[in-house]
Amino acid sequence: MLRKLLTQPSSRRLLSSGIPPLFSKSSLSPFSSLSSSPEPPSSESTTVEHPGTTISVDRSSLYTPPEHSHESTPETELVKHLKSIIKFRGGPISVAEYMEEVLTNPKAGFYMNRDVFGAQGDFITSPEVSQMFGEMIGVWTVCLWEQMGRPERVNLVELGPGRGTLMADLLRGTSKFRNFTESLHIHLVECSPALQKLQHQNLKCTDESSLEKKAISSLAGTPVHWHATLEEVPSGVPTLIIAHEFYDALPVHQFQKSSRGWCEKMVDVGEDSKFRFVLSPQPTPAALYLMKRCTWATPEEREKLEHVEISPKSMDLTQEMAKRIGSDGGGALIIDYGMNAIISDSLQAIRKHKFVNILDDPGSADLSAYVDFPSIKHSAEEASENVSVHGPMTQSQFLGSLGINFRVDALLQNCNDEQAESLRAGYWQLVGDGEAPFWEGPDEQTPIGMGTRYLAMAIVNKNQGIPAPFQ
Ligand code: SAH
């Protein structure tokens, strides 16, 4: 199933002409490696004896393509590290531990050392598709700030800001609301030093103190701070939190129903020295503890379950957010692909815009999982009596109710043909469902609408009433 935005980006900000298509036919040819490369010389010649016959096997002219050679490629640091954990632990590790190491291992995790977004990267996200996405999130934050009584000081926190594009568009889009932008202290929660640098650049920051990880964004004159976790963000100030495609990167445990009860899917190293999935011989402590998630699933849901995916990190994070919002005021907006139901088995790996094997070359592909929205709602309500949870609703409803149609019309009034095509394609990717019916360009660049696959949920302090557009 298609989950992240895998198609050619709609050439945000007129990038279209220079970007090669991601699914060009030539790059898909499975035979390209069998071209006229010279055959490697072989001196081997063997005689094999069978009862009654003698077959002479001459390997001197046998062509061995590189991919069939038995020379294994050297192991990456991350592969060695994962194998050593499994070895010294004396057995397999959970899928959650594998996912966490693969994505955020400080030395070699997928996110840690490079820009993974866009046409040249591994996947594309909504803020990279169109400036309208960040602008609409800006509308949401200004509306909630109004409902909060226009506080003079607000912490605007973004979890996992990627390239910082959403925040840059939000600041540009809200720059006319001076009272709002002047109230902001931006806090970016980002584990990747490489992405922190990109965020610094894209927010046009000037350094104030690199020791304190603080700068000023010249987009709106706002102070910007960086942190590794939400806990590090100072509390005691009304807070707005944005989490776009952050939850899907948080580690999940996977459980499977068996005759021995709910056992845990784990990652081990096989005799061929490759990673493989195994099932725990009996329920693990995580299985015993986390399967509680299912007690508040509906009976119909529970009956059908054979596999379950649960993210305790997502629940902890939500509790931290809800406590903060419950005591300091404000709200959080979570947008991600997921379901308003328990998740069965959604973990996926994406490299260079294609789905690949989860266990293949860890650290070189993104791992992500569907977000379990009911577990977020439940965790928030459990953590604080002072918050209310709204949604989920589809991204299409969310952006539509906030007025994206008016925004796209306004932008279309003032652009050339190329920009108009890019705007329409981007708009469709954000709010459409499936292939764009109006598309006349190359098939492989057809915009795919993700408006119903992505869901939006808000957690707000009850004093703020119901947030737009959930009324
Ligand atoms: N919100 C961005 C990027 C989404 S990708 C967008 O929509 O374009 C996930 C982001 O979360 C990346 O910036 C990644 O480095 C960051 N991230 C992933 N796991 C994290 C963790 N455990 N702690 C902090 N940041 C994390």
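Predicted model: local features only at pLDDT ≥ 70, side-chain atom pairs only at ≥ 80, totals over all residues.
A cavity is here a set of points on a 1 Å grid over the protein atoms alone where a 1.4 Å probe fits but cannot get out; grid points are joined across faces, edges and corners, and a volume is the space filled by probe spheres set on the points. The lining of the largest cavity comprises 14 residues, of which Ser-311, Ser-314, Tyr-370, Val-371 and Asp-372 are the closest to its centre (lining residues have an atom within 4 Å of a point). By class, this lining has 8 nonpolar, 3 polar and 3 charged residues (nonpolar: Ala, Val, Leu, Ile, Met, Phe, Trp, Tyr, Cys and Pro; charged: Asp, Glu, Lys and Arg; polar: the others, Gly among them). At least two lining residues each come from strand E13 (307-310) and strand E18 (371-372), strands being DSSP runs (E, at least two residues) numbered from the N terminus. The largest cavity lies between domain 1 (2-28 + 117-250 + 313-464) and domain 2 (39-114 + 252-310), because both give residues to its lining; the domain bounds come from an automatic or database domain assignment.

The structure holds 2 cavities of 30 Å³ or more.

Residues are numbered from 1 along each chain as its sequence is written, and side-chain values use heavy atoms, with hydrogens and water left out. Local features need pLDDT of at least 70 and side-chain atom pairs count only at pLDDT 80 or more, whereas totals for chains, interfaces and linings use all residues.

Conventions:
1 Å grid on protein atoms, 1.4 Å probe; cavity = no way out; pocket = protein on both sides within 12 Å on 5 of 7 lines; lining within 4 Å. Helix = DSSP H or I, 4+ residues; strand = E, 2+ residues; numbered from the N terminus.
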